[in-house]
Amino acid sequence: MSTERFDCHYCKDSLLGKKYILKEDTQYCTKCYENLFANCCEECSTPIGCNSKDLSYKDRHWHENCFKCAKCSRSLVEKAFAAKDELLLCTECYSHEYSSKCTTCKKTVMPGSRKMEYKGNSWHETCFLCQRCQQPIGTKSFIPKENSYYCVPCFEKQFAYQCCACKKAITTGGVTYQDKPWHRECFTCIGCKRQLAGQRFTSRENYPYCLDCFSNLYAKKCVGCTKPITSLAGAKYVSFEERQWHSECFICMHCSVSLVGRGFLTQRDDILCTDCGREK
């Protein structure tokens, strides 16, 4: 009566009464299995045998007792860890070696914790405070000044000029008129309310006017065209007996020849060249 053989698939040694490992429906003795399939430990460079637990991370393998922090050698089994340049580190060692330090309290900003960063410096969220009110700034807007940081309301209260028109703080830009600060959008013509920042303007009784409004309100009117005469825009004019003309409007009433720099005659309210005047 023959007995069916039960041998190692690789070395053909009998497995009867021995420990074996089944892989893909094929049996191997432990020695052959370790030689053929066992992973090599990253730490000790020996095979991870059948009697050892194989711990893996990113296609790398360790014996359970070899899976340790590269810095302090504490076990990383079932603990949080971080990888740096192929080394595995416990969170404490990683934080001490590589995490940023809080600019205020000088303690480590732990990985995963909320932090603030500005110009290469780091803070714990609870350490990044407004210099004036000492409240955490968090994700709100802030303004730096002389190595300190201020929330916008505190900065405006402590440092910003107040616009003499709207009485609100001027945080960017602004213009000065008669030694008083204005928002650019608040510095307007007293007549038409057009913005004057960057434009030519004049004043009367300390009120600013654009050239158009000033001319319409205060400039003398040309007898010829009835439009304002203003020297603000560089206009030339002729004055005679309390009447004024633009230079281009000072012409003979009959023949329209220019009378600038020439003799002329008057006939009631009209001005005439000497030729037209003699004909009359």
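## Surroundings of Ile251

Leaving aside neighbours within four places in sequence, Ile251 is in contact with Ser256, Val257, Ser258, Leu259 and Ile271, where contact means heavy atoms within 4.5 Å. This is a predicted model, in which local features need pLDDT of at least 70 and side-chain atom pairs count only at pLDDT 80 or more, whereas totals for chains, interfaces and linings use all residues. Residues are numbered from 1 along each chain as its sequence is written, and side-chain values use heavy atoms, with hydrogens and water left out.

Ile251 is placed in the loop between β20 (243-246) and β21 (264-267). Helices (H or I, at least four residues) and strands (E, at least two) are DSSP runs, numbered from the N terminus. With a relative accessibility of 28%, Ile251 counts as partly exposed; buried means under 20% relative accessible area, exposed over 50%, and partly exposed in between (1.4 Å probe, protein chains only). The C-alpha atoms of Ile251 and Thr104 are separated by 80 Å, and the two residues are 147 residues apart along the chain.

## Overall dimensions

The chain has 5 helices and 22 strands. Its radius of gyration is 47 Å, whereas a compact globule of 280 residues would have one near 19 Å. The radius is taken over C-alpha atoms, and the globule rule is 2.2 Å times the number of residues to the power 0.38. Along the principal axes, the C-alpha atoms of the chain fill a box of roughly 160 × 50 × 25 Å.

Of the contacts in the chain with a separation of 6 or more, 10% are accounted for by residues 24 or more positions apart. Buried residues make up 31% of the 280 residues. The accessible surface of the chain comes to about 19400 Å², and 46% of that surface belongs to carbon and sulfur atoms; areas come from the Shrake-Rupley method with a 1.4 Å probe, and for residues only the protein chains shown count as cover.

## Annotated domains

An unreviewed UniProt entry places the feature "domain: LIM zinc-binding" at residues 39-99, 100-161 and 220-280. UniProt positions are given in the numbering used here, feature names are shortened, and annotations may be inferred rather than shown by experiment. In the model, the span 39-99 is 13% helix and 26% strand, and its end C-alpha atoms lie 33 Å apart.

## Aromatic pairs

A search of the whole structure finds 27 aromatic pairs. Rings of Phe, Tyr and Trp (its six-membered ring) pair if their centres lie within 6.5 Å; planes under 30 degrees apart count as stacked, over 60 as edge-to-face and the rest as tilted. The rings of Phe6 and Tyr20 have centres 5.1 Å apart and planes at 80 degrees, so this pair is edge-to-face. Phe6 lies in the segment before β1 (20-23) and Tyr20 in strand β1, so the pair ties together parts that are 14 residues apart in sequence. Phe6 is partly exposed, with a relative accessible area of 27%, and Tyr20 is also partly exposed, at 39%.

The rings of Phe214 and Tyr218 form a tilted pair, because their centres are 5.4 Å apart and their planes at 50 degrees. Elsewhere, ring pairs link Tyr118, Trp123, Phe128, Phe142 and Tyr149 into a cluster.

Phe214 and Tyr218 both lie in helix α4 (residues 211-218), 4 residues apart, about one turn of the helix. Phe214 counts as buried at 15% relative accessibility, whereas Tyr218 counts as partly exposed at 35%. The buried residues of α4 are Leu211, Cys213, Phe214 and Ser215, and they pack against β15, β16 (207-210), β17 (220-221) and β18 (228-229).

Arg204 lies over the face of Tyr218, at 4.1 Å from the ring centre. Lys145 lies over the face of Phe159, at 4.9 Å from the ring centre. A charge sits over a ring if NZ of Lys or CZ of Arg is within 6 Å of the ring centre and within 35 degrees of the ring normal.

## Positive phi values

Most residues other than glycine have a negative phi. Asp179, which is not a glycine, has a positive phi of about 65 degrees. Asp179 lies in the loop between β13 (175-177) and β14 (180-182) and counts as exposed at 75% relative accessibility.

Lys193, also a residue other than glycine, has a positive phi near 70 degrees. Lys193 lies in the loop between β14 and β15 (201-204) and is exposed, with a relative accessible area of 53%.
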